[in-house]
Amino acid sequence: MSAASIVEDVCVGEESKNLSEKLNEVKLENGTTQQPPADDASNGSSSQGPTVAEDKPAGPQMTPIPYPVESAAIPSPPELTAEQQSKYEAVLETVKSWKEVPSTKGKEGPITESEIFETGKQFIVGWDIAGRPCHYLNPARQNTEPSPRQVQHLVFMLERVIDIMVPGQETLALLINFKTSKTRTNTAPGLSQGREVLNILQTHYPERLGRALIINIPWVVSGFLKLITPFIDPLTRQKLKYNDDMRQHVPPQQLWDQFHGDMEFEYDHSVYWPALLKFAEERYSERRERWVKAGKHYGESESYLRGGNVSSPSLAGNATQSQRTSQLGLRYPSNGKTIYHRPLNRSRTQELSQASFAYLFGEMVSYAQKRVTGIQDLEKRLNVQGHPIGLKLFDLLLYREPPRTQTRPLNIIALLQFITTILWRHLFSRPADALEKSSNPDTPDEYMISDNDPLVNQYISVPKEMNQLNCAAFVAGIVEGVCDGAGFPARVTAHSVGKGEEGELWPGKTVFLVKFQPEVVEREAYLPKS
């Protein structure tokens, strides 16, 4: 989430400057203008930033409340697992490679205030007991027909919630009131729109929902929730609370009275909306200023950017080796040793479960099958997946050879014997079934490696309309990587044998056609003469 937040900050910086100029005259209402106290690192507090109790205004609350109550307890962030850390590093590397970010203004244009911002169907006010911003949804105040703009409005408000979060807290509290009104008796959204919103939340805002508090659920909405529950992530379902005691989750003085709280809130668009935008812009500007001060690094600490009592890793001049390497995407374990400290022969005799291999390879084929134009395109993707494995295996297998045979192949035959014996035994625990040279004098650069029953094809069910597909293209990519790593560039393809005599005995027989580049054949012809 840190990387995504930084990218958003970079992309919308110019728009935020214009927004600041437009709203520089807007002030919060009386009772909501408290300024955060100065950070005090010596008081033993956590990284959660300042919390200020609110003085109740003379009239109803009409603007956002800047901070949680003093008693709010922000939980400490959990430690990342190895899988979560690797996913974060992969996302961070992807973000670093971005040069442009597509415009978020869709073909229907920007959202206009006159359409969806004037009834108070959504607003942000108050904080729950864990310091989460409270985002209220009021379907009964909906004044437009279902459309993508409603979803855009929700996303816009979610971004503003993220803008105003306090240090140490990265989730929100969603409060939904399904109570009907005179103008709207059906407050349940459509199933398709509900699925779209769930997909956006789970895909683009993972782990942002801290608590969802829902009240006044009519039977129509209850039926809708039963329909959509199977599409909700199991972890998300645990955060949903239906018709619960809301005062147990949100301090009464910051809980809207329609949710049985003590806060009287009145939505006046001319007052609330400018105050919310200015409040979010101020928080955004503070975060951006800290990010620039720290050197504009990807993956900066969220707690530091939001003003918590933590220092930026980028500003620490005496960072340890582990910290410096972590910024580069490599996380050291507690003992200081990585996979590079292990002996290369440690896993030499270990075998992989065929069930595990079948599952993993099936997932690889499914991934490669997405957005392909045909069978050749799919086989090409499988070939590309196997190529880097071959490059690494060549050096590894040479290293594991005894010293007397630890020499790189110097000609085509030596290389192909290495592939059909050492490489095949390492991958499939047996040598290849045959190695032949093309008998056609016009193609002296072609060789054929035969495998009567490739392991990669045993657990793949190919539909009739794709009967020409051979998933052994993945193995062909490995062989091609070995050839390239050895200095014998070649093009390797996998071909299924027809229904001839061989096909009847070995229906899954595959021939790997190895076609070397012309310079390899020319060098091969020159070597004996020298």
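**Figure 1. Arg287 and Asp163 in a predicted model.** Arg287 counts as buried at 1% relative accessibility, where buried means under 20% relative accessible area, exposed over 50% and partly exposed in between (1.4 Å probe, protein chains only). Arg287 forms a salt bridge with Asp163, and their closest N and O atoms are 2.8 Å apart; a salt bridge is a side-chain nitrogen of Lys or Arg within 4 Å of a carboxyl oxygen of Asp or Glu. This pair links distant parts of the chain, with Asp163 in helix H5 (residues 148-164) and Arg287 in helix H9 (residues 269-293), 124 residues apart. Helices (H or I, at least four residues) and strands (E, at least two) are DSSP runs, numbered from the N terminus. Asp163 is buried too, with a relative accessible area of 4%. A network of salt bridges links Arg160, Asp163 and Arg287. This is a predicted model, in which local features need pLDDT of at least 70 and side-chain atom pairs count only at pLDDT 80 or more, while totals for chains, interfaces and linings use all residues. Residues are numbered from 1 along each chain as its sequence is written, and side-chain values use heavy atoms, with hydrogens and water left out.

Figure 2. The whole structure holds 14 salt bridges. In one of them, the side chains of Lys87 and Glu83 meet at 3.3 Å, N to O. Both residues lie in helix H3 (residues 82-97), four residues apart, about one turn of the helix. Lys87 is exposed, at 52% relative accessible area. Asp128 and Arg132 also meet through their side chains in a salt bridge, at 2.7 Å, N to O, and both of these residues are buried.

**Figure 3. Surroundings of His135.** His135 is part of strand E2 (residues 133-137) and is buried, at 0% relative accessibility. Its side chain is joined to that of Gln122 by a polar contact of 2.9 Å. A polar contact is a pair of N or O atoms within 3.5 Å; within protein, one must be able to donate a hydrogen and the other to accept it, and residues adjacent in sequence count only if both atoms are side-chain atoms. Leaving aside neighbours within four places in sequence, His135 is in contact (heavy atoms within 4.5 Å) with residues including Phe123, Leu154, Val161 and Leu175.

**Figure 4. Strand E9 and its partners.** Five of the seven residues of strand E9 (residues 510-516) are buried. E9 pairs with strand E7 (residues 446-451) in the antiparallel sense over six bridges; two strands pair if DSSP finds at least two bridges between them. Tyr447 has Val514 in E9 as its bridge partner. Strand E8 (residues 490-496) runs antiparallel to E9, joined by seven bridges, and His495 stands opposite Val511 in E9.
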